[in-house]
Amino acid sequence: MRFVDEYRDEAAARKYVELIGRTVTRPWTLMEICGGQTHTFIKSGVDRLLPASLTLVHGPGCPVCVTPLESIDRALAIAARPGVIFTSFGDMLRVPGSTTDLLGVKARGGDVRMVYSPLDAVKLAQKHPEREVVFFAVGFETTAPANAMAVWQAEKLGLGNFSILCSHVLVPPAMEAILGSPASRVQGFLAAGHVCAVMGYREYEPIAARHRVPIVVTGFEPLDLLQGVYLAVRALEEGRAGVENQYARVVTREGNRPAQALMKQVFEVCDRAWRGIGVIPASGYALRPAYARFDAGKRFDVGAITAQESPLCIAGQIMQGLRKPHDCPAFGALCTPEHPLGAPMVSSEGACAAYHQYARTP
Amino acid sequence: MSDAQLPPAGLPGLQCPIPRSEYPQVTLAHGGGGRLTHALIERMFLAAFRNPALEPLHDGAVLEVPAGRLALSTDSYVVSPLFFPGGDIGSLAVHGTVNDLAMCGAQPLALTAGFVLEEGLPMDDLWRIVRSMARAAKDAGVNIVTGDTKVVDRGKGDGVFINTTGIGIVPEGVHIAPARARPGDRVLLSGRIADHGVAILSVREGLSFETTIESDSAALNGLVGALLGALGERVHVLRDPTRGGMASAVNEIAASAKVGLRLEERAIPLAEQVRGACEILGLDPLYVANEGKCLAIVAPGAAEQALALLRAHPLGREAALIGEVVADHPGRVMMRSRVGGTRIVDMLSGEQLPRIC
């Protein structure tokens, strides 16, 4: 298949593995930002072809994993209300809140529907003027343009029954937070290619300069990852910091400007709590006051939410690259995809889910 | 076959036997046991399924049974939408149970059909489904010999649910069981995976995408008969990887026989369109359903002949040797990925849900 097979070619992969082996002279720790990249590593098994002195730690780039428990509990409360059609990406349906998940609310009679695009939720609102349609707007800069478009369209259509529960997060502030932590061992990053497709990579240049780290904008196929690792270790070995773009077939320095303009029109930057990590300043998007009527958080009074996280779950440390899933005493025992304690065990981009599904042992 | 073509001899006609002017839709009375129920049974079900065992319309069917061991299997069919590219709930309900019998090494003898109809189901839709069942049963060489009909209130069903139960005869010298997989055995697959699941997804509300992918729904008793006829005891395991896909089927075999399985990703047949759809939706085709494919685990010396036999059958043209049974890692399935890494293929947990980005 074109645009896929080229990036899974065994001979080319072997060549990059050899090249990395020849380049690495001492131990390095790299973090891949995006959970999609983590899954490709583990699923294709290419991480096991890398030199043992190279450590990969898995970043926070799993949208449903970092969505705070309070937001999920709020979503569950809204979804359970009569008259509401609660729409969400499929990935979010199994993520545990304090007591249940969205599928649990559906089983108890809530109208919870999986959509593939927020624009489908807008269509639902048009089709059901007598119902309140709420979309759970989570994700990084990747999903923000489509979510902004949904709100923009709802406004143009004059829809009074559409709103979003907004819990958007941004990658650069999280990278800064990880680099600023004294416990951090990350020496270089594979940046999330699709986030950069929207935002470009200009905003990563000051981070690379300030913290003296190489940041390689990287794609999601096995060869993308191997090439990204190669570029990162080559920069580390040569003592270079800065941004390199492995994913040039998709990403430009400036990114997708019309998308950025729409996001800026609909959203403003806010402080945001990250599940398991805590509040990171200026790390999220909220609706601008001009679009406040589309804010489900304001439209539905669900009372005070007091969220109770499992004391056993170490998801926050995993997503900051401080520990790995199998370092968690609950992993695979008390915490499984059937009975998750934390979100990374159920998301298709969660590191714990990848380790569990492909049965990784230390 | 399209509806525009004439049905072959012995198959019910296109025209719904219960005219639209009479009852355009199924009503609660059609399940009440009275006149309307009888009209439905005689004019629709008997007309479509007619055979000597069904004809008396007694409480049950009485069958002549040849010598051998009896295989028995049951399955209920719920699918949305009822009609999908390459099939419908009717053909699926016949193929599914015929295949379950075939995977026991049995040649199917007779089927039962239980219908749970939702009030308001268009009579024309029911006729289309019943005709499709009749055609599928005829093609598979099996009779529908007894049945049942119930009607539930509107909103309490999804149009129609069908249960089929089948019996079949396992010939002498055939011993099929998952536990018979032995180290050294070869793993064969009768064709491309994931067609059915992707065909269904392509017509689901909210996700229609343009494709020519059709469900692979088909009766495998002919294919399996050819394999068993020539190889007998040397066929150790048969499995149709339906719900949960191929990954679940191979895991069940590995667990049951306490052996390891080693697969080669590159060797697993997969249509380009299906692969593309799975890439876009973030689904792993190994976990996507099939309704007309068969996994066969055969003795090492029989692999080449088995492959030739499968490929000689119209339903096995793209059959492939995809792996082997090993003594290492009992209960676990390992797969060499296209790019040269190794991964574990585990059971699916819950449903595959499309990812966010």
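Predicted model: local features only at pLDDT ≥ 70, side-chain atom pairs only at ≥ 80, totals over all residues.
Before anything else, one term: two strands pair if DSSP finds at least two bridges between them. Keep that in mind for a residue we will meet in a moment.

I will start with a sheet in chain A. It is an open sheet of six strands, and the order is S4-S3-S5-S6-S11-S10, with mixed pairing. At the edges are strand S4, residues 111-114, and strand S10, residues 267-274, each of which pairs on one side only. On average, neighbouring strands here are turned by 25° against each other, direction ignored.

Now to the term I opened with. Strand S6, residues 162-169 of chain A, and strand S11, residues 278-287 of chain A, run antiparallel and are joined by two bridges. Which residue of S11(A) does A:Val169 stand opposite? The residue is A:Gly284.

Helix H4 of chain A, residues 69-79, lies across S3, S4, S5 and S6 of chain A and runs at about 165° to S6(A). Helix H7 of chain A lies across S5, S6, S10 and S11 of chain A, at about 155° to S6(A).

H7(A) has a helix partner as well. Two packed helices are described by the angle between their axes and the distance between the axes. For helix H6, residues 118-127 of chain A, and helix H7, residues 144-156 of chain A, the angle is about 20° and the axes are 8 Å apart. That angle is why H6(A) counts as roughly parallel to H7(A). The crossing of H6(A) past H7(A) is right-handed. On the H6(A) side the contact includes A:Pro118, A:Leu119 and A:Val122, and on the H7(A) side it includes A:Asn147, A:Met149 and A:Gln153. By class, this contact of H6(A) with H7(A) has nine nonpolar residues, two polar and no charged ones.

Helix H1, residues 35-49 of chain B, packs against helix H3, residues 123-140 of chain B, at an angle of about 20°, with the axes 9 Å apart. H1(B) is therefore roughly parallel to H3(B). Here too we have a right-handed crossing, H1(B) passing H3(B). H1(B) contributes B:Met44, B:Phe45, B:Ala48 and B:Phe49, while H3(B) contributes B:Trp127, B:Val130, B:Arg131 and B:Ala134. Seven of these residues are nonpolar, none is polar and one is charged.

Next, the domains of chain A. The assignment gives domain 1 as 5-61 + 171-245, domain 2 as 65-169 + 255-299 and domain 3 as 315-357. The centres of domain 1 and domain 3 of chain A, taken over C-alpha atoms, are separated by 21 Å. Between them, 16 residues of domain 1 are in contact with eleven residues of domain 3 of chain A. Which element gives the most to the domain 1 side? H2(A) does, with five residues. That side divides into seven nonpolar residues, eight polar and one charged.

Last, the two chains together. Their contact takes 34 residues from chain A and 23 residues from chain B. On the chain A side, the elements giving two or more residues are helix H1 (10-23), helix H2 (35-44) and helix H3 (63-66). H1(A) has the largest share, three residues. How does the chain A side divide by class? There are 15 nonpolar, nine polar and ten charged residues.

Note on methods: Residues numbered from 1 in each chain as written. Chains lettered and ligands numbered in written order. Contact = placed C-beta atoms within 7 Å. Helix = DSSP H or I, 4+ residues; strand = E, 2+ residues; numbered from the N terminus. Nonpolar A, V, L, I, M, F, W, Y, C, P; charged D, E, K, R; others polar. Axes fitted to C-alpha atoms, helices over the stretch in contact; angles between N-to-C directions. Parallel < 35°, antiparallel > 145°, perpendicular 65-115°, else oblique. Left-handed = near helix turned anticlockwise from the far one by under 90°. Domains from an automatic or database assignment.
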